[in-house]
Structure formats: C-alpha cells, structure tokens
Amino acid sequence: QTACSAAPSDVTYDYIIVGSGAGGIPLADRLSEAGHSVLLIEKGPPSSGRWGGTMKPKWLEGTNLTRFDVPGLCNQIWADPKGVSCTDVDQMAGCVLGGGTAVNAGLWWKPHPEDLNVNFPAGWQSKDLAAASERVFSRIPGTINPSQDGKRYLSQAFDTLVGSLKKAGWEYVVANSNPEKKNRTVGDATYMFSGGERGGPLATYLVTASARKSFTLWTHTIAKRVVRSGSHVTGVELECNGPGRSGVVSVTPKTGRVILSAGAFGSAKLLFRSGIGPTDQLNIVKNSPDGPTMISSDQWINLPVGYNLNDHVGTDIEISHPNVVFYDYYGAWNNPIANDAKTYLASRTGPLSQAAPNINPIFWEIITGKDGINRHLHWQARVEGSLNTSMTITQYLGTGSTSRGRMTITRQLNTVVSTPPYLRTDEDKAAVIKGLVNLQESLKDAGFTWVNPKPGVSAEQFVNSIPAIPSRRGSNHWVGTAKIGTDSGLANGTAVVDLNTKVYGTDNLFVVDASIIPGELTANPSATIVILAEHAAAKILALPA
Ligand SMILES: Cc1cc2nc3c(=O)[nH]c(=O)nc-3n(C[C@H](O)[C@H](O)[C@H](O)COP(=O)(O)OP(=O)(O)OC[C@H]3O[C@@H](n4cnc5c(N)ncnc54)[C@H](O)[C@@H]3O)c2cc1C
C-alpha cells in the first residue's frame, strides 16, 4: 500500500467537508461555487470510472466504466463488498467516492410533503425546501426509462403487479410528477441514472465542483476528528489510508468551517471522537486507542448524538406468478448474456441498463393509526426469490413511524446499532400488519401464489415472526443520529444541530447528511438528502462570517 503524504501545512480552506456522499458532494459544489475554497475529504477510493475508479469485471475492461457505473451491477456490493463497504460500521454502507450514491440502486424520489412537514422543524418544511428541490431535480431529473432506447426490459413482473393493483382500485401515477400521491398508488421505479449509467451527484455536482480551482478533493483520507479549542474548530486531524493524506489540515483562521457529511454512522463517530456526544460514548472513546490524545473531558460537549436512530423497517413478502421472468443479474458479473453486454456497451440499452434485480414497480399506502398518525408504507418489488417466477416485495414503513433506536461506538472505534429502531411501538406494528392485510386483499383474485406469508399464516403472525433486527428488517436507509431542531440537546432537548445545521455548543462545526433527518421518510432517502444539502448550503452561506 502506498504511504500517505503529509497534508500541506501552509494551505488552509474556508470549508473542509468530510465525506463525499449524498450530502457532501452537493455541498462542496455549492460552497465552492460561492467563491470559497473547499476541501472535500473522502476515506475511500474513487468509484466511478470518470473519477479514476478501476473496479470492474472482465467484460468492462478497456472501457471507462466500472462496477459502479453499470446499473445492472449495483448489487455487486452484496456479492463482493471488499474494498467498497465501510469496515467500521456494522451495517452496509459505501466507503468510496460518492458514498451511498456510488453503491446504491439509484432510486430517486421527490419527497412527499409530509416527509418534511411531519419530521422537520420550521424553516425546513416542504414549502421551505421547494426551491432546493427544484435545483436538485433540474440537475438530476431522474428517469423511469433507464434503457436509452426508451424500452422497458423484462417488464412482466411490473405489468402483472400494476395490472392487478389497478384492478383492485389502486391508481397508477408518475411518482415524481405527483409526489403527494402516495396513498393506494403505484408507479414505476424512478432512478437517478442518466445516459444509461449511474449518474447522480458524482456525474453532476462533483463535475462542476472539480472544474473550479477553489475545490480540492482528497480520496483515501480518513478524518479522525476535528481539532477544536472549546467551541471553536480549527481543522481536521487525518489518519493514513493508503495513498491519501495524513497530519492536520486547517480551516481559514477565524472564518473557516468544518462540515461533517460522513453519513449517519460516520458523522456520529466523528463527533464522538471529537468529544461531542453523550458522556457514556465519550468515555468509551477515552478508553480506546484514541484515549491518550482525546480532547480533555472539561471540553466535552454533551449532546444526544446517536440517539433517535431510524431506518425503514423492512418486511419482505414473496409471491410468484407464471408470467414473471427472472434475470440473473449476479451472474452478469462473470458471464453476462453476450448480446446484453454488447447492447449495453454499444448503446446503454437492455437489461443491464436497469437496476438489479429488476426493481419495479413501487406502490404506496398511508395507514392512519389509532394515535391519529399517518404512517407511510412504500412497497418495493424486485424479481428474485425462491422460485424463478418469484417477486420479493419489501414493505418499508417510513414517515409517521414512532420507533427509534440508538447507535453507539465500541472500544475498537466501530459503530454499532445497539438498539434497533424497528417496531418498538404498537402503532408501528399495527400499520405494518394492516398494510399487509390490505395488499393480500387487493391481490386475492389476481393469480399470484403466496410463498411468504404462506397460506394459513396470518399477517400478524407473519410480521411477528420476523425478528426486529437489522439483518432481517434493515433497509440501509439510516437517519437521525444528529437530529436537526430547536430543542438544543445542551438543554436536555433532542437536537444535535440547529436550524443552520450547526452543532450546538460550537461556533463553526456543522453536520449535513442523513444524520440530521429527524424521522424516516416515505421512500428511499438519497434525493431528499441532496435537497437538504442544497438548502443547508444556502443557510450556511447566509451566516455572518
Ligand atoms: C446498498 C445500499 C443501497 C441503497 N439504495 C438506495 C436507493 O436506491 N435509493 C436511495 O435513495 N437510497 C439508497 N440507499 C441509501 C442512500 O444511499 C443513503 O441514504 C445516502 O447515500 C446517505 O447519504 P449521506 O451523505 O448521509 O452518507 P453517505 O452517502 O454514506 O456518504 C458518507 C461518505 O463519508 C465517507 N466517510 C465516512 N467516514 C469518514 C471519515 N472519517 N473520513 C472521511 N470520509 C468518511 C464515506 O466513505 C462515504 O463516502 C442505499 C444504501 C445502501 C448502502
């Protein structure tokens, strides 16, 4: 492994952003666009070919494409996570340039108004984020037709399920044209893909940022902690990770700022290592290898970092139908169907331009609980399961869920989900069960064979039979560990960052990523995180120097 080189001691940056995911990349672009010098630090290697990534199967050799660029290879993260997934997190997360936006399935949704209005404080409501949303969707519009010939491949599962739901009274919608229509509606999966490739922030915001002299990117560089004196942050201490940088990098004296965009686990970990968080967690860091050099306890800032953890609680059902056709996306790594590889390479068309494993359709329902809360269910179908005519459909419970968990740190400095956030309230469970009962009812005469739950097993028995742990219910949509709000955690409140995303008790430390989201959203979160980053950039730029 190549050794790190020392960070230059004679250069400072107006903004140092840690983490190049859904939050970090758009932020880096907007802050550098405003004329500031910006350093973006990413612990992992380049991913997409555009940025010098090299990981690819044989059939992509000689092209500028990597495994990250081809939608049909997105599930390779599960087959071969080595060198791609984070090793210090007990959940799946992308530790490469682009973070989750480099490894995810590319699903891309405009938020339902309640995602923001129910979860977020004043100033971050649907109407407040409308302009940011507009900016995001003008740069990354998303598509329901990833294949560049406009055709839909292997659409049997989609056609069968949409047809059945429509017969049962569900309405077909183009989801991102009608983000508010999420009750008994069904639509196409919408992806951030563009030109038949992954697209997203790596192909838009990072491209414009990189064209500016004021922008610097360091990959292979781990931020260990922020360097601070009391409430004032002066820079970031680095850990060697191959050919990246080591030492300390400083922000512009007096006016410089550090922004953590290292993800729901990564940003919380950085806060703990910087002496910011609940005392029990800071004491663990104190007893870790960091201990001897950790900031002294009289400068610790006690905030509820790591609490309020949430994720979509996933409930997988499996149904089969004779029309459904399976496509071996995993097999496409070594042995793609020759013609499919050829058409993908020649014109970005065919099954490999679609996300594995043929994710489609998506449908939604809102269940109002006895507690009066609207709980949003997002159902996501894919073609895989125990039969070659199976569809597995995951039901996600999002907006309105009242269960929360906790993430903590170990002495080895790994983050763990110590309290899973799944189905901890009766009303959350009731909504999940009711949603399943409603779907069974809607599909009852549609010719599907129910593999799971099996006939004779009630929805309630089925939901209760799946352990409420991340390996069985996890959705990789982690949020909430550094919640935004006006009820400062310094005064026994629940918020870690204020309405400008500034960490309470600090002058110039910010968090902008999934961590600040107070409660789970209806659908997959990445587009909303980019919207939040756009909005946060405007808020931060408006602060007095
Ligand atoms: C397998 C998978 C599939 C998914 N599918 C979808 C989907 O289809 N649609 C969707 O909307 N969402 C999806 N998600 C979720 C989505 O990708 C995440 O919610 C989103 O990327 C989170 O954004 P973020 O900015 O908070 O963090 P991330 O995107 O995770 O970015 C954090 C970045 O910080 C870096 N980092 C962490 N610690 C440090 C450190 N100490 N120093 C330097 N760098 C650091 C990481 O390497 C990473 O690049 C998926 C997630 C996974 C894991």
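The model is predicted: local features need pLDDT of at least 70, side-chain atom pairs count only at pLDDT 80 or more, and totals for chains, interfaces and linings use all residues. Residue numbers start from 1 along each chain as its sequence is written.

Helix H1 (residues 24-33) is largely enclosed by the rest of the structure, because 9 of its 10 residues are buried (20 or more other C-beta atoms within 10 Å of the residue's own, with C-beta atoms placed from the backbone). Among these buried residues are Ile25, Leu27, Asp29 and Arg30. The buried residues pack against strands E3 (15-18), E4 (38-41), E7 (215-218) and E11 (257-260), and against helices H7 (205-210) and H14 (526-542); contact requires C-beta atoms, placed from the backbone, within 7 Å.

## Ligand shell

Of the 40 residues around the ligand, Gly19, Gly21, Gly99, Gly100 and Ser526 come nearest. Two or more residues each are given to this shell by helix H3 (100-103), strand E8 (221-229), helix H8 (263-273) and H14. H8 gives the most, with 4 residues.

By class, the shell has 18 nonpolar, 19 polar and 3 charged residues. Ala, Val, Leu, Ile, Met, Phe, Trp, Tyr, Cys and Pro count as nonpolar, Asp, Glu, Lys and Arg as charged, and the others, Gly among them, as polar.

E8 pairs with strand E9 (residues 232-240) in the antiparallel sense over 8 bridges; pairing requires at least two DSSP bridges between the strands. Leu238 in E9 is the bridge partner of Ala223. The hairpin has 2 residues between its strands, and Gly230 takes a positive phi near 60° there.

Technical notes
Buried ≥ 20, exposed ≤ 12 C-beta atoms within 10 Å, placed from the backbone. Contact = placed C-beta atoms within 7 Å. Near = placed C-beta within 6 Å.
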